[in-house]
Amino acid sequence: MKNLIDIKRLKKEEITAIINRAAEFKAASQDPARGEINYTSGISDFARLGERLYRANSCSNKTACLMFFENSTRTKCSFAIAAQKLGMNIIDFNVQTSSLSKGETLKDTLDNLYYMGVNTVILRHSEDDMTERMSKEVKFPMAFINAGDGKSAHPTQALLDYMTMLEKLGTVEGKKIVIAGDVSHSRVAKSNLALLSKMGANVHFFAPEYFTPKNKEEFNVIWEDDYNTAITDADVVMLLRIQTERLSGAETEKAKHYSEKYCLTTERLEKYAPNAILMHPGPVNRDIEVSSELLDSPKGKTILEQARNGVYVRMAVLENAAG
Ligand code: CP
């Protein structure tokens, strides 16, 4: 059983191995005749095309449990699709209707799930480091995958972002990657910084004062003071969602004016970083972080490609954990 708690703990070779495996899964899902993903062919075609790959590391007798204490579309659905493609059983644990509401602890819940046959737990939680805590408290051999916890880490997001950058740029080494927006509440920014620095990228952060972490000096990153200067000649501009659910009252008031200064428009991107790849982990706050015009343009499609790569990266992560 192999946990995935935080990118910081992965070696470069381990990251590369996950990405290579994800690329194999993605290649197996391509329709060779058309050279692109055949969305209409469904799982059976996918399984047929990738049969040889899947047989190598079967997960088919394994059961994964999605435990999402915070809302999600991309992470939860792509983990579910990834598990299905690997032939795993998947349980969508409903936090609200579970016996957690009767006072059962999460640790006791997990112990019971293990005895029912769950081998892999995919956990999203509002508290920092909850995945690690549970991985230590539960003494049974279950694999724990962090699907985003608190403000601390979102490792599979960083992996799928890295895969997307590799597809577009070939390498991130020496590339200027700008991550801009609500840095202080973002687990995505932290996991991306950890991964991209490890892989040799030049990572820059920009955040307005009210979204700048108090401990900014502790981040091994280039802090930018001005948004336009930050994105100038960037290879990648990654925007962050304003985490409205985590803002204080004062931050909420200030964030109301965010779009006036920092909404990325087509004009702005063309002026300062015409060759940049536009990325966003999603969900996007339209016309707040990025204009609808830019989001709906060909540049905005990379954001959907990130979501697609999430399936393959999560297949690789699940196989590693449970296979
Ligand atoms: N990027 C991301 O984690 O999206 P979801 O919250 O929809 O899973």
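**Entry 1: Asn192**

I began with Asn192, which lies in helix α8, residues 187–198. I note at the outset that the model is a predicted one.

I looked next for the partners of Asn192. Its side chain makes a polar contact with the side chain of Asp161, at 2.9 Å. With neighbours within four places in sequence set aside, I found Asn192 in contact with Ala158, Asp161, Met165, Ile179, Ser197 and Met238.

**Entry 2: Arg241**

I turned to Arg241 and located this residue in the loop that runs between β10 (236–239) and α10 (249–255). Arg241 has a relative accessible area of 15% and so is buried, by the cut-off of under 20%.

Which side chain does the side chain of Arg241 meet in a polar contact? I recorded Glu245 as the partner, at 2.7 Å. Leaving out neighbours within four places in sequence, I listed Asp182, His280, Pro283, Asn285 and Glu289 as residues in contact with Arg241.

**Entry 3: the two domains**

I consulted the domain assignment of the chain. Domain 1 is given as 7–153 + 307–322, and domain 2 as 155–306. I noted a separation of 25 Å between the C-alpha centres of domain 1 and domain 2. To the contact, domain 1 contributes 33 residues and domain 2 contributes 29 residues.

**Entry 4: the area between the domains**

Which residues of domain 1 lose the most area to domain 2? I found Ile7, Lys151 and Asn309, which together account for 26% of what that side buries.

I counted three salt bridges between domain 1 and domain 2. I also looked up the salt bridge in which the side chains of Glu167 and Lys26 meet, at 2.8 Å from N to O.

Finally, I examined the side of domain 1 that touches domain 2. At least two residues of this side come from each of α1 (12–28), α4 (74–85), β5 (120–125), β6 (143–149) and α14 (301–322). By class, I noted 14 nonpolar, nine polar and 10 charged residues on this side.

Definitions and conventions: Residues numbered from 1 in each chain as written. Predicted model: local features only at pLDDT ≥ 70, side-chain atom pairs only at ≥ 80, totals over all residues. Heavy atoms only, no water. Domains from an automatic or database assignment. Contact = heavy atoms within 4.5 Å. Buried area = accessible area lost by both parts, 1.4 Å probe. Salt bridge = Lys/Arg side-chain N within 4 Å of Asp/Glu carboxyl O. Helix = DSSP H or I, 4+ residues; strand = E, 2+ residues; numbered from the N terminus. Nonpolar A, V, L, I, M, F, W, Y, C, P; charged D, E, K, R; others polar. Polar contact = N/O pair within 3.5 Å; in protein donor to acceptor, adjacent residues only side chain to side chain. Buried < 20%, exposed > 50% of the residue type's maximum accessible area, 1.4 Å probe, protein only.
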